[in-house]
Each structure stands twice: as C-alpha cells, then as structure tokens.
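Reader: I'm new to this one and would like to go through it slowly with you. Could you put it up first?

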Amino acid sequence: MDLWDRLKGSFGAPTMIHPTFGRITFMATKGPRPSYWEAAAIFRPTGAPIQVFIDGDESGPSSSALAAWETIQDRYEWLWPSLEQILLRGYAEWIPEAGPESGRGRFTLESLSVPNEFDGPEEWDFGYGCADDEDHSFTIRMKGWVPIPEARIDG
C-alpha cells in the first residue's frame, strides 16, 4: 500500500490496486470473523462480474486466498450440480407453489467469499440472485468443498 492510500485510510477504508482483482478495499473487522478485502472481479466459469470477499490482512489478500480463488474457479463446474440442487430445494421451500423445475437456470452467482484455506474450520460461501425473485438472495455456505445442505434466504 502506498503512502497516499495509507493517508486516505485515515478517512476511509484503505484501497489498493491488486494485480488479480483490480481496485480492492480493506474491511477491518472486530470479533471472530477475519478482516477481508472487497473487490469486483470476473468469475471465469460464468464470464460475469461478481462481488468478491477475500480473506487477508492490511497488507493485501493472502497468497493462500489467491490460490483458493483460482481453485474455486477451476472446480466450479464440478460443484455446480450440487449447488443448484440446494438452491432449487431452498426455492421450493420458500415458494411452495413452485413446480419441480421452477428456478432451474434462473440463479445467478453474485458474490463469493474466498477463504485462506479449505481444510480449516472456517466457512466460505456463494451468493446467488434469482431472476424469479429479485427481492431475495440465496446463500450456500461451504465447509471445505462440501456445501452445507440448506440455502440461507435473505430479503
């Protein structure tokens, strides 16, 4: 981080230009959740921009989080069928009159939290929007490479 960004950090959240994510903003936290960086990035499997929350300290995203970002993109196609089933189940529970195919093909990845590691106790998540219900977001929490089988619905 250069001197200008450090000085600006006195008045707002520190920012930097990162070679992978472009402009990123540091979000210092208190409590059990580690501090992280926010960015907008193109998610290679979908080709669309998403909001990314990357674990890291004030010096920038950790090298392990950068490796995790690449690994998540590499494994997304493999993960998608189980993620979609969780989203469809959550959708059907949220909208009981929905048919068995309602929601299929309607979910859009909007955000992703990138952990420092996949083998530790920390959870990470995928955040989705649904074209059929723009007022609600669907979150799938992950423990390692295993999705927690219930979608969290907010809105």
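Reader: Thanks. To begin with, how many residues does the protein chain have, and what percentage of them count as buried?

Author: The protein chain has 155 residues, and 42% of them count as buried, where buried means under 20% relative accessible area, exposed means over 50% and partly exposed is in between, computed with a 1.4 Å probe on protein chains only. This is a predicted model, in which local features need pLDDT of at least 70 and side-chain atom pairs count only at pLDDT 80 or more, while totals for chains, interfaces and linings use all residues. Residues are numbered from 1 along each chain as its sequence is written, and side-chain values use heavy atoms, with hydrogens and water left out.

Reader: OK, and how many helices and strands are there?

Author: The protein chain has two helices and ten strands, and along the sequence they follow the pattern α-β-β-β-β-β-α-β-β-β-β-β. Both kinds of element are DSSP runs numbered from the N terminus, with helices being H or I over at least four residues and strands being E over at least two.

Reader: Which strand does β3 join, and how many bridges are there?

Author: Strand β3, residues 36-43, is joined by eight bridges to strand β4, residues 48-57, and the two run antiparallel; strands count as paired if DSSP finds at least two bridges between them. Within this pair, tryptophan 37 stands opposite isoleucine 54 of β4. The two strands form a hairpin with four residues between them, and glycine 47 in that turn has a positive phi of about 70°.

Reader: And what else does β4 pair with, say β6, in the parallel or the antiparallel sense?

Author: With β6, residues 107-114, strand β4 pairs in the parallel sense over four bridges, and there glutamine 51 stands opposite serine 111. With β5, residues 60-61, strand β4 pairs in the antiparallel sense over two bridges. A hairpin through two residues joins β4 to β5, and glycine 56 stands opposite proline 61 in β5.

Reader: Let me switch to the inside. How many residues are in the largest nonpolar core, and which have the most contacts there?

Author: The largest nonpolar core has 37 residues, and those with the most contacts inside it are Trp69, Leu112, Phe126 and Tyr128. Such a core is a set of buried Ala, Val, Leu, Ile, Met, Phe, Trp, Tyr and Cys residues joined through side-chain atoms within 4.5 Å. Helix α2 supplies the largest share of this core, eleven residues.

Reader: What does tryptophan 69 touch?

Author: Not counting residues up to four places away in sequence, tryptophan 69 touches Thr20, Phe21, Ala41, Ile42, Phe43, Ile50, Val52, Leu112 and Val114, where a contact means heavy atoms within 4.5 Å.

Reader: Is histidine 18 buried or exposed?

Author: Histidine 18, which lies in strand β1, counts as buried because its relative accessible area is 10%. A polar atom of the histidine 18 side chain lies 3.0 Å from the backbone nitrogen of threonine 20, and the side chain of histidine 18 also reaches the backbone nitrogen of phenylalanine 21 at 3.4 Å. Leaving aside neighbours within four places in sequence, histidine 18 is in contact with Ile24, Pro61 and Leu66.

Reader: Then serine 64: where is its place, and which residues does it touch?

Author: Serine 64 is in helix α2, and it is partly exposed because its relative accessible area is 33%. Setting aside residues up to four places away in sequence, serine 64 touches Pro115 and Asn116. The C-alpha atoms of serine 64 and asparagine 116 are separated by 5.2 Å, although these residues are 52 residues apart along the chain.

Reader: Last one: why does serine 113 count as buried, and what does it touch?

Author: Serine 113, in strand β6, counts as buried because its relative accessible area is 9%. Serine 113 touches Phe53, Ile72, Trp124 and Asp125, not counting residues up to four places away in sequence. A polar atom of the serine 113 side chain lies 2.7 Å from the backbone nitrogen of aspartate 125.

Definitions and conventions:
Polar contact = N/O pair within 3.5 Å; in protein donor to acceptor, adjacent residues only side chain to side chain.
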